[in-house]
Amino acid sequence: MTHTKIDVDDDYLEEILSILAMHGRPDLISVLRDTEYKPPKRVKKEILSDDEGSATSESDYEVEIDEDGFHSLK
């Protein structure tokens, strides 16, 4: 990962850091504060299911088109 030096006024940097804190992003806060940041080596894998949320079940819906050409689900 290549680090880029960001030259930001301290007031702006504190505002950015507070917004990141509100959104629960300590990883990004540490990137901005620490120039020697290393991302965590362990990445949580998302377990995907073949049964849940399958796009094949989405083909079973019906669409209605009104006189203005707008599509809506029945």
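Me: Which helix of the protein has the lowest confidence, and which the highest?

Reply: Confidence is lowest in helix 2 (residues 26-33), with a mean of 83, and highest in helix 1 (residues 10-22), with 87. These are values of pLDDT, the predictor's confidence in each residue on a scale from 0 to 100. This is a predicted model, in which local features need pLDDT of at least 70 and side-chain atom pairs count only at pLDDT 80 or more, whereas totals for chains, interfaces and linings use all residues. Residues are numbered from 1 along each chain as its sequence is written, and side-chain values use heavy atoms, with hydrogens and water left out.

Me: What is the average pLDDT of the protein?

Reply: The average is 76, and 66% of the residues score at least 70. Where pLDDT is low, the predicted coordinates should not be read in detail.

Me: What makes up the pattern of the protein along the sequence?

Reply: The order is α-α-β-β, from 2 helices and 2 strands. Helices (H or I, at least four residues) and strands (E, at least two) are DSSP runs, numbered from the N terminus.

Me: Why are helix 1 and helix 2 called roughly antiparallel?

Reply: The two helices pack at an angle of about 160 degrees, and their axes are 8 Å apart. Axes are lines fitted to C-alpha atoms, for helices over the stretch in contact, and angles run from 0 to 180 degrees between N-to-C directions. Angles under 35 degrees count as roughly parallel, over 145 as roughly antiparallel, 65 to 115 as roughly perpendicular, and the rest as oblique. Helix 1 and helix 2 are therefore roughly antiparallel.

Me: Which residues of helix 1 and helix 2 meet?

Reply: Leu 13, Glu 14, Ile 16, Leu 17, Leu 20 and Ala 21 in helix 1 meet Leu 28, Ile 29, Leu 32 and Arg 33 in helix 2. The residues of this contact divide into 8 nonpolar, no polar and 2 charged. Contact means heavy atoms within 4.5 Å. Ala, Val, Leu, Ile, Met, Phe, Trp, Tyr, Cys and Pro count as nonpolar, Asp, Glu, Lys and Arg as charged, and the others, Gly among them, as polar.

Me: Why is Ile 29 called buried?

Reply: Ile 29, in helix 2, has a relative accessible area of 15%. Buried means under 20% relative accessible area, exposed over 50%, and partly exposed in between (1.4 Å probe, protein chains only). Ile 29 is therefore buried. Not counting residues up to four places away in sequence, Ile 29 touches Leu 17, Leu 20 and Ala 21.

Me: Is Leu 28 buried or partly exposed?

Reply: Leu 28, also placed in helix 2, has a relative accessible area of 33%, so Leu 28 is partly exposed.

Me: Why is Glu 64 called partly exposed?

Reply: Glu 64 lies in strand 1 (residues 63-65). Its relative accessible area is 43%, so Glu 64 is partly exposed. Leaving aside neighbours within four places in sequence, Glu 64 is in contact with Phe 70, His 71, Ser 72 and Lys 74.

Me: What share of the residues of the protein counts as buried?

Reply: Of the 74 residues, 5% count as buried.
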